[in-house]
Number of protein chains: 2
Amino acid sequence: MEYQQAKERFIQTWGTLGAQWGINRTMAQVHALLLISPRSLTTDDVMEELGISRGNANMNLRGLVDWGLVYRDMQKGDRKDYFRAEKDLWVVAKRIAEERKRRELDTVKDQLIQLKNVVGDSEEVREFKKVISDIDNVTGQALQVLSMMTAAADNFLMKTIRKLKS
Amino acid sequence: MEYQQAKERFIQTWGTLGAQWGINRTMAQVHALLLISPRSLTTDDVMEELGISRGNANMNLRGLVDWGLVYRDMQKGDRKDYFRAEKDLWVVAKRIAEERKRRELDTVKDQLIQLKNVVGDSEEVREFKKVISDIDNVTGQALQVLSMMTAAADNFLMKTIRKLKS
DNA sequence: TTAAACTTTCAATAATTTTTGAAAATATAA
DNA sequence: TTATATTTTCAAAAATTATTGAAAGTTTAA
């Protein structure tokens, strides 16, 4: 397969995957482009490679910087901003997981806690209270498992693997 | 807080959470309604409670059955379909995780494998190959951890907890 | 069979999300 | 300063996704 073709297909594929996470399609495509690029790219590079407008490129690059997936570099003797992707895929996975947890689960848990104050003793209310506390338990334990997972990956597995490679 | 108010807020909250997973907003609201309902509901119940059309209610109920989150019951002497939610939240979490893995990661991994056949030895191609194999490693290991997690939860933790409860 | 009860489909419409591109804002060099 | 380069904003347009509701399809009882 030719590089150009492989590159286009990768950008497509990554875009589809990203769309299924909170990251929108174009943002994920910009990310893909930066991931496989050996050097930092400018806004104009991104516009040209993906055929998108300046506003769009700008918004999505900024979004990626907010997610912590892309860094903004300066280059001496040049006014342009250069963008460079975080290349350690474990860092990428962790950042996405953290950001999603923050945006989704944390707020939902807060809201559920308030709902526990519902009054009454009908069958409906009893069922309601049971479901709410079940959800609370599951999200609580899931979050524990998740943080254990990232901690373990960080401190043990990954460092060992990186050592072996280098 | 009154039950009616708590119920509406729960349906809203669950809808928002669901929208951030692959499940769309209305589907998650239908799921929420069924989750807190002590008995099975008909399509008409769902239409009335959520104020949605018959077609919409039908599609989303069917979707939930496909996801394995809702069961279709019959009731003797009645032609209507009755719908009942899976109430074990650990089963719900597992079903969602499995379905998303199937829909997202599995197809992406297949596609990435093909992309490894790219030819050439420029800097771009070397970087490309490196990123692809990194992604392959991360998804591979993440999937292992995930399946270990669900297996562990299934076989040990959850059964123990359930025993303690009953 | 036929009629009634119920479910499913799908083209049209509505709602939401994304993208554009030109104008405004900001930063740098001369 | 002023001119130039670059980034950011945002209202309008385009694209995408969800919803409606009536018609077609299916199942069951008599």
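Mentor: Chain A and chain B bury about 4,700 Å² between them, and 68% of that is on carbon and sulfur atoms. Buried area here is the accessible area (1.4 Å probe) that two parts lose on being put together, summed over both. On the chain A side, Met1(A), Tyr3(A) and Phe128(A) lose the most area to chain B, together 12% of what that side buries.

Before we go on, some ground rules: this is a predicted model, where local features need pLDDT of at least 70 and side-chain atom pairs count only at pLDDT 80 or more, while totals for chains, interfaces and linings use all residues. Residues are numbered from 1 along each chain as its sequence is written, chains are lettered from A and ligands numbered from 1 in the order in which they are written, and side-chain values use heavy atoms, with hydrogens and water left out.

Back to the interface. If you count contacts (heavy atoms within 4.5 Å), 52 residues of chain A touch 51 residues of chain B. Also, 98% of the interface residues of chain A are interface residues in chain B too, so the copies meet through the same surface.

That goes with how the copies are arranged. Superposing chain A on chain B takes a rotation of 180 degrees with 0.0 Å of shift along its axis, and the RMSD is 0.1 Å. The two copies are thus related as by a two-fold rotation axis. In chain A, the C-alpha nearest that axis belongs to Trp21(A), 3.8 Å away from it.

Now for the polar side of the interface. There are 14 residue pairs in polar contact between chain A and chain B, both residues at pLDDT 80 or more. A polar contact is a pair of N or O atoms within 3.5 Å; within protein, one must be able to donate a hydrogen and the other to accept it, and residues adjacent in sequence count only if both atoms are side-chain atoms. The rule for salt bridges (a side-chain nitrogen of Lys or Arg within 4 Å of a carboxyl oxygen of Asp or Glu) finds six across this interface. One of them joins Glu124(A) to Arg39(B), with the closest N and O atoms 3.1 Å apart.

Which elements of chain A give two or more residues to the side that touches chain B? They are α1 (3-20), α5 (89-115) and α6 (123-165). Helices (H or I, at least four residues) and strands (E, at least two) are DSSP runs, numbered from the N terminus. α6(A) gives the most, with 19 residues. By class, this side of chain A divides into 31 nonpolar, eight polar and 13 charged residues. Ala, Val, Leu, Ile, Met, Phe, Trp, Tyr, Cys and Pro count as nonpolar, Asp, Glu, Lys and Arg as charged, and the others, Gly among them, as polar.

DNA strand C has 18 residues around it, and the closest are Thr26(A), Ser53(A), Asn58(B), Arg62(B) and Arg79(B). Two or more residues each come from α4 of chain A and from α4 and β2 (78-85) of chain B.

For DNA strand D, Asn58(A), Arg62(A), Asp81(A), Thr26(B) and Ser53(B) come nearest among 17 residues. Here a phosphate oxygen is 2.5 Å from a side-chain N or O atom of Asn58(A), and another such distance, to Arg62(A), is 2.7 Å. α4 (54-67) and β2 (78-85) of chain A, along with α4 (54-67) of chain B, each supply at least two residues of the surface near strand D.

Methods
Copies are superposed by least squares on the C-alpha atoms of residues with pLDDT of at least 70 in both. A residue is near a molecule or strand if one of its heavy atoms lies within 4 Å of it.
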